[in-house]
Amino acid sequence: MADTAAGDSGTSLEQRLDAMLEIERFDPSQQFREQALLSDPAVYERAARDPQGWWAEQAEALDWFERWDTVLDDSEPPFYKWFTGGKLNVSYNCLDRHVDAGRGDRVAYHWRGEEGERRDVTYAELHRDVQRFANALKDLGVQQGDVVGIYLPMIPEVVVAMLACARIGAPHNVVFGGFSAESVKERMEFSEAKVLVTVDGARRKGKTAPIKATVDEHMGDLASLKTVVVVRHARLDGVPMTAGRDVWFDEVCAAAAADCPAEPLDAEHPLFILYTSGSTASPKGILHTTGGYLTGVAATHRYVFDLKPDEDVWWCAADVGWITGHSYIVYGPLANGATSVMWEGAPDYPHKGIWWEVAEETRATLLYAAPTAIRTFMKWGHEIPERYDLSALRLLGSVGEPINPKAWLWYHQVIGGGRCPIVDTWWQTETGAIMITPLPGITSTKPGSATTPFPGVAAEVVGEGDGEPIDSGQGLLVLTQPWPSMLRTLYKEDERFVETYFARFGKERYLVGDAARRDRDGYLWIIGRIDDVVNVSGHRLSTAEVESAIVAHEKVAEAAVIGQSDEDTGQAICAFVTLNGEIEGTDELIAEIGAVVAERIGKFARPKRIIWADDLPKTRSGKIMRRLLRDIAEGRALGDVTTLRDPSVMASLESQIKDAQ
Ligand code: WTA
């Protein structure tokens, strides 16, 4: 049984954590340091002196069909190219080379289903299934460069589908299962997907959602979409199948040939597109390519988590549909030949201890989770994880949003038994791989700080106005040199790519979109987004996206959405809504607006709070002043209102809020 923090000394866990908030630094234990892959801080200097040499060394860890000529082609910034002239295949690196080396029997995924099912999928089995599905895709007419959409729950077939695409050079476009069918349609349309791989039904907390039927209702006629492949998972009856368009996954696989050699692809061949939210309502198609991306995710997965593939059991508790899942459920772990846990369901079904039951049963050694989940477990109480044997755990990771020191300490003490280093990893869909993070055998951690850039990555905090580097203090985070796993562009929107990330500080400095503080030791503390992106439980949403869904309701005249601080979810969606004419805001209308948002984007985007507003605060040029709305929502004294076209709007908003309370 793990040595936990509840202790027997008579002090409560709460008191102990409060006392620990005073501790500024946690050094790696000697025991951890001695066994760590990296324990010499000289690695930072070495990488800083010769970043290209460092990254080339990381790329050597992959299998290349042809070696590259140039490590970094920076002749046309910010359109950087890595390992040009090199040829490789991601699926080959994730499967064939492990199987060829005699590791085919190793479990790639301990898949655990909601109803207690266990499926242990080996590398050899994945290799077999991926080849068949890759051939099936070819039989369906998919060629190199064609986009394949994937809308699947957390089941092994999602990995099979992704790797099959990678094997034949068809970029995939995965849509998170929590997005609505309407969002899927939009993403298929934008990316001109030729095939969509989906499922009969998805299970969530004991209920089954009829995914295929819902997709059909929304997909309409997309000229580009030729085929829908349906995985049988929930075993639903009466799944609608359109003749000539829809096929069953198992049937096309059975009909396909068994052998499908991995296609040698250019290092810069597109691997996938993943849509994410930006400042405007239209999502950005982040494009990642082959050699640089795989180099970045494999190296960070190995070193940040100190991965020993022969011994560790890795569990990234994200969803495959987000970048965290792409990089650290699929590509990083498989490239490194790791054994992973894949959990189908929610953290509270069938019971609130299910994560710890799965961790105990699979003897998970490395766990990577989001602060939202940690805060939720904290609320449920330390007694729950303490019922399980978590002694196999040796390292814990955090990702997706800032982690507050209290949650950090709880994670460290209750889940990690006080012995596991915590790596708070900062990165983005755009960066492809972890950028700012401790190295667990080297870095002294400070709860709440993602610490310093990974070797080969360079970051600065710069002044908002002048762009000058800030030695200690707050400003905007920028990355000051290219890195292999960086996005290459926004799919079919080169101009928007340059405009979004490189217009403000020039082509040499990538604008992250987060504010950050640099302390006297050079540690970075990520504060949050500077654009209109809201982070709800680590899920990225744009305020404009939610606003345009809300105004789709016929009774709504105007809406302004902000991210309000929230104890559980980090930020929560708060919407100020102006109704048409004399219409009164009612609970019924709140439910209806929530339903429209769920339909257009997904349930996770539904506003937590709706505030009826007769009018919204606008500048003279008509721009909504979200800062003031945030002040109101969070109950702060109002900032400067003199630039408003009509300052009395604020007073009436405040009184409306008071009336509602
Ligand atoms: C936020 C998720 C603080 C940040 C991998 C970033 C974080 C956005 C952290 C990207 C962290 C991610 N500490 N904030 N450790 N990790 N973020 O694209 O605002 O879904 O810009 O990628 O999440 O979200 P995305």
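Reader: Let's start with one side chain: is Ile610 buried or exposed?
Author: Keep in mind that this is a predicted model, in which local features need pLDDT of at least 70 and side-chain atom pairs count only at pLDDT 80 or more, while totals for chains, interfaces and linings use all residues. Residues are numbered from 1 along each chain as its sequence is written, and side-chain values use heavy atoms, leaving out hydrogens and water. The labels work like this: buried is under 20% relative accessible area, exposed is over 50%, and partly exposed is in between, using a 1.4 Å probe and protein chains only. Ile610 has a relative accessible area of 14%, so the word for it is buried.

Reader: Which residues does Ile610 touch, not counting those up to four places away in sequence?
Author: Ile610 sits in strand S30, residues 609-612; strands (E, at least two residues) and helices (H or I, at least four) are DSSP runs numbered from the N terminus. Contact here means heavy atoms within 4.5 Å. With the sequence neighbours set aside, Ile610 touches Ala575, Val577, Ile590 and Ile593.

Reader: And how far is the C-alpha of Ile610 from that of Ile573?
Author: Along the chain, Ile610 and Ile573 are 37 residues apart.

Reader: Which annotated domain covers residues 545-623?
Author: UniProt positions are in the numbering used here, with feature names shortened, and an annotation may be inferred rather than shown by experiment. In the model, this stretch is 25% helix and 32% strand, with end C-alpha atoms 16 Å apart. The record is an unreviewed entry, and for residues 545-623 it gives "AMP-binding enzyme C-terminal".

Reader: What about residues 101-482, how far apart are the end C-alpha atoms there?
Author: UniProt, again in an unreviewed entry, annotates residues 101-482 as "domain: AMP-dependent synthetase/ligase". The chain there is 32% helix and 22% strand, and the end C-alpha atoms are apart by 33 Å.

Reader: Which residues is Lys205 in contact with, leaving aside neighbours within four places?
Author: Lys205 is in the loop between strand S9 (202-204) and strand S10 (207-209). Its relative accessible area is 39%, which means it counts as partly exposed. Lys205 and Ala346 are 141 residues apart in sequence, yet 6.7 Å apart from C-alpha to C-alpha. Ala346 is also among the contacts of Lys205, which are Glu114, Ala346, Asp348 and Tyr349.

Reader: Where is Pro78, which has a cis peptide bond to Pro77?
Author: The bond joining Pro77 and Pro78 is cis, with omega about 0°. As for location, Pro78 is in the loop between strand S1 (70-73) and strand S2 (81-84).

Reader: What is the phi of Arg363?
Author: Arg363 lies in the loop between H13 and strand S18 (366-369). At a relative accessible area of 40%, Arg363 is partly exposed. Its phi is positive although the residue is not glycine, and the value is near 55°.

Reader: And what is the phi of Ser537?
Author: Ser537 is in the loop between strand S26 (533-536) and strand S27 (539-542). With 22% relative accessibility, Ser537 counts as partly exposed. This non-glycine residue has a positive phi near 50°.

Reader: Which residues of helix H20 are buried?
Author: H20 covers residues 626-633 and is mostly covered, with six of its eight residues buried. Just after H20, Gly635 takes a positive phi of about 70°. The buried residues in H20 are Arg626, Leu628, Leu629, Asp631, Ile632 and Ala633.

Reader: Zooming out, what is the radius of gyration of the protein?
Author: The C-alpha trace spans about 75 × 65 × 55 Å along its principal axes. The radius of gyration is taken over C-alpha atoms, and the globule rule is 2.2 Å times the number of residues to the power 0.38. For 661 residues a compact globule would come out near 26 Å, which agrees with the protein's 25 Å.
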